[in-house]
Structure formats: structure tokens, C-alpha cells
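Okay, everyone, thanks for coming. Let me put the model up on the screen and then walk you through a few spots in it.

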Amino acid sequence: MAPLPRPRRIVGVSLKMYFDLQSSLSYVRGVYQLDGEAWNARVDLFVIPDFVTLMESSRILESSHIMLGAQDVFWEDQGAFTGEVSPRVLQQAGAKIVEIGHAERRAMFGETGEWVAKKAGAAARNGLIPLVCIGEKTHHSIASAAVGAAVEECRPQVTSVLAAVPDDVEVILAYEPVWAIGAAEPADPDHVVHVTKELRKLAAGRNGVTRIVYGGSAGPGTFAKIAEGVDGLFLGRFAHDIKNLKQVIEEVGAA
Ligand SMILES: O=C(CO)COP(=O)(O)O
């Protein structure tokens with residue numbers, strides 16, 4: 001049987017809470033300038049600023065192919081949930097993607113696997129693509145054991161999400177080993193390829209597109225080494241300079 005065609009490549013950036021209002025908007029304008037280049041390179045592009053910046057970002061990106069994302073979402077569409085943000089409102093504000101279960105949210109804000117799955121379901125119900133962050137907390141010092149341990153830790157994170165979203169909607173899984181986030185360098189390429197190849201099997205029966213991206217100190221130079229396992233990159237700090245993002249798009253398009 002011929003292998004399934006690989007989905008389109010995808011590159012995105014989260015601004016986390018590094019930027020202020022004006023610098024977020026100016027970054028989004030910079031991403032907008034890369035629309036043509038990404039499109040010609042057949043690379044889907046997304047950017048995830050903070051909630052406050054979403055509507056203005058949506059206006060900036062309106063005439064482009066670039067997908068706007070939000071950094072979190074609540075699992076109900078409306079009601080008495082002070083401080084939370086509804087998936088319906090995100091969709092109305094122009095978001096196409098919602099990041100769910102980032103390691104920082106799991107570690108600092110008590111986000112559980114159950115919440116992550118409910119949020120993924122809510123995103124899908126509202127026509128948003130869930131971008132679900134998964135990854136093992138610690139790195140096993142023995143390389144051969146590290147892959148198995150990582151897969152075991154990530155497996156329930158993936159299966160609970162896939163059980164919560166309809167089979168035919170698009171899902172993006174961001175494999176972000178927690179120990180590689182905010183580090184000097186990304187995880188070892190062999191580790192990433194082995195783990196992501198195993199995780200991809202968990203989505204084998206789905207009818208919807210499932211893309212797997214790598215995140216964790218990724219930047220220029222990362223993609224070519226892990227292209228065998230992943231469909232793209234989810235970037236943080238090392239793409240907060242637009243020139244680096246441009247370079248990553250070129251590399252992902254060429255790999
Ligand atoms: O967490 C990340 C993207 O969600 C990665 O962040 P860094 O690339 O800054 O480590």
C-alpha cells in the first residue's frame with residue numbers, strides 16, 4: 001500500500017507574553033509581509049499573539065493566507081465563567097487556530113489532560129483548529145530509553161484529545177518536550193523523529209488531517225534535521241525576530 005501523502009507543511013509562532021501591545025502588532029505586520037513567500041513555498045503560516053491583540057491582528061491579516069491563533073480557550077461556549085474566553089468569540093474575532101495545553105499552562109495554571117481534551121472539543125465544535133501541545137516533562141539520560149519514555153508519557157495526552165474531537169476535523173499536535181522549551185537548543189533531532197513517528201501512528205485511522213509540528217527552542221537550522229518526523233515547526237523566542245521567521249519559512253519550503 002502506498003504511504004499516505006504528507007500534509008502541507010506548517011510554521012507558526014507564539015508570542016507568549018514577551019511583547020507589549022504595540023510590538024505585538026508590529027510583529028503581526030511583519031508576519032503579514034511574509035505571506036507571499038510562505039504561500040509560494042507551500043508553507044502554511046500562523047501567528048499567535050495575546051488575546052487583546054487578536055481583533056486588530058485579524059484586521060492586519062485579513063487579506064492574507066496567514067492563520068491567526070489564540071493562546072488558550074475555555075471549554076464552554078458561553079455562561080458565567082468570569083475571565084475565560086469563549087471559543088465562539090475567538091472564532092468571531094477571526095481566530096482559525098487555538099493553542100491548547102501549552103506546558104506553561106499545564107505547569108503554572110493547573111491545566112489537566114481532561115481540561116485540554118474538553119478545550120480541544122470546544123475548539124473543534126466552533127470551527128477552530130485545535131493545536132494541542134504535548135510532550136514529556138523530563139529527559140531520560142539514556143537516549144534509547146528516552147524515546148519509549150516520551151512516547152508513553154505523550155500517548156494519553158494524544159489519545160484523550162483525539163477521542164474528544166470529531167474524526168474528520170483537522171488537528172495539529174505540537175510535540176514540545178517540556179525540557180526543551182526555553183532552552184539553549186532544541187531537542188536532539190533523532191529523539192524528535194523517533195517520538196513523532198510513533199505519535200503519528202496514534203492518528204492513523206483519522207479522516208481529518210493531523211499535522212505534527214515540533215516546538216522547543218526551534219529556529220533557523222532546526223527543520224531539515226527533523227523533517228522525516230514532522231510537518232513543520234511551532235516557534236517561540238528564536239522567531240521573534242522576523243528575519244529568523246523568514247529564514248525558517250525558506251528552510252521548511254526547501255526541505
Ligand atoms: O513553547 C514554545 C512554543 O510554544 C517554544 O518556545 P521557545 O522556542 O521559546 O522555547
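Let's begin with Asn126, which lies in the loop between helix H6 (113–125) and strand E5 (129–134). Helices here are DSSP runs of H or I with at least four residues, strands are runs of E with at least two, and both are numbered from the N terminus. Before I go on, this is a predicted model, so local features need pLDDT of at least 70 and side-chain atom pairs count only at pLDDT 80 or more, while totals for chains, interfaces and linings use all residues. Residues are numbered from 1 along each chain as its sequence is written, and side-chain values use heavy atoms, with hydrogens and water left out.

Leaving out residues up to four places away in sequence, Asn126 touches Asp77, Pro87, Arg88 and Gln91, where contact means heavy atoms within 4.5 Å.

Next, Thr196, in helix H8 (residues 189–201). Thr196 has a relative accessible area of 0%, so it counts as buried. Its side chain reaches the backbone oxygen of Val193 at 3.3 Å. With residues up to four places away in sequence not counted, Thr196 touches Tyr175, Ile212, Gly229 and Val230.

Now the ligand. Which side chains come up against its oxygen atoms? A polar side-chain atom of His102 lies 2.6 Å from a ligand oxygen, and for Arg237 that distance is 2.6 Å as well. For Lys16, a side-chain N or O atom is 2.9 Å from an oxygen of the ligand. Taken alone, the ligand exposes 310 Å², and the protein buries 100% of that; these areas come from the Shrake-Rupley method with a 1.4 Å probe, and for residues only the protein chains shown count as cover.

Last stop, Ala145 in helix H7 (residues 143–164). Ala145 counts as partly exposed because its relative accessibility is 29%. Ala145 and Gln92 are 53 residues apart in sequence and 45 Å apart in space, C-alpha to C-alpha.

How values were computed: Buried < 20%, exposed > 50% of the residue type's maximum accessible area, 1.4 Å probe, protein only. Polar contact = N/O pair within 3.5 Å; in protein donor to acceptor, adjacent residues only side chain to side chain.
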